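Reader: I would like to go through the secondary-structure packing of this model with you, one question at a time.

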Amino acid sequence: MGPMSTSLAIGDFSRATHLTVKTLRHYHETGLLEPALVDPQTGYRRYTTEQIQVAQIIRRFRELDMPLNEIHSVLSAPDVQARNELIAAHLRRLETDLARTQTAVASLRDLLEHPAPAAEIGRRKVDAVNAAAIRSSVHLRDLLPWFAGALSELQAALAGEHIVPTGPPGGVFSNALFAQAQGEATLFFPCKGKVPAVGRVFPLVVPAVELATIVHKGSHDNADLSYGALATFVTRHALAVEGPLREYYLVGPQGTSDTSAWRTEIGWPIFQTG
């Protein structure tokens, strides 16, 4: 009998741990949970009762959406502190995801239960302006963190050169960024005088343009609602022209961390009408 009598066949281990046979085989192949014994002739896998607790731990980590490679790192951590740090890092990511989900749910509920009020659309001609800018090719999913980093870098560069902006920061976003999820994004501060090249910051003349505008109130997360209202107006009035979209951060993270106070003017290029 020997060790075979004190171990479980893969089917019994599956019933004991509520992990399917297919899952256990996958965990074996990836090195996450290897059987105690593998018959060299038949390939049958057998597990010890001591491995049940390990399987239970893995199962709970998977219920928390922890990737297999991270679970492997937790199980093979050299000490308790290293293990706890790995688990804490994953929990922080879960909290971030939960906050994002709650925001999306609240936005969807508001969209379904409260009809949008009539949009206030404006039109204005923007003159060309000298500016300090940062320009990058950005993936759409990375746009908000890129914006935060570029804004901080621009503010630091201008402060270091004792340059005072002449207006709120603005952004120019290529059509490809929205149509192909990857495209050019430019963030700028209008300013007078010579703008030195520092790091990613470079001098730029932001061209003149005529815009149809809408002011988005609050966090940038729901900006698509204002974009939709603006696009509807421009399309119905046959005013749209090809060209990058504009944003002006009238009140934004450069001034306050209170997202409810943010005001972003979104601009859609339209025909020049004088």
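Reader: At about what angle to β11 does helix α8 run?

Author: The model is a predicted one, and the angle comes from axes fitted to its C-alpha atoms. Helix α8, formed by residues 223-236, lies across β9 (209-217), β10 and β11 (263-269). Relative to β11, helix α8 runs at about 35°.

Reader: Which strands stand at the edges of the open sheet, and why is one side of each left without a neighbour?

Author: Eight strands, paired in antiparallel fashion, make up the open sheet in the order β4-β9-β11-β10-β6-β7-β5-β8. Each edge strand has a single partner strand, so one of its sides has no neighbour in the sheet. The strands at the edges are β4 (122-126) and β8 (202-206).

Reader: Which residue of β10 is the bridge partner of Gly170?

Author: Strand β6 (residues 170-173) and strand β10 (residues 245-251) run antiparallel and are joined by four bridges. In β10, the residue bridged to Gly170 is Tyr248.

Reader: Are helices α1 and α3 roughly parallel or oblique to each other?

Author: The axes of α1 (residues 10-17) and α3 (residues 51-63) come within 10 Å and cross at roughly 55°. Angles under 35 degrees would count as roughly parallel, and those from 65 to 115 as roughly perpendicular. The two helices, α1 and α3, are therefore oblique.

Reader: Which residues of α3 are met by α1?

Author: By class, this contact of α1 with α3 has four nonpolar, two polar and one charged residues.

Conventions:
Residues numbered from 1 in each chain as written. Predicted model: local features only at pLDDT ≥ 70, side-chain atom pairs only at ≥ 80, totals over all residues. Heavy atoms only, no water. Pairing = 2+ DSSP bridges. Contact = heavy atoms within 4.5 Å. Axes fitted to C-alpha atoms, helices over the stretch in contact; angles between N-to-C directions. Parallel < 35°, antiparallel > 145°, perpendicular 65-115°, else oblique. Nonpolar A, V, L, I, M, F, W, Y, C, P; charged D, E, K, R; others polar.
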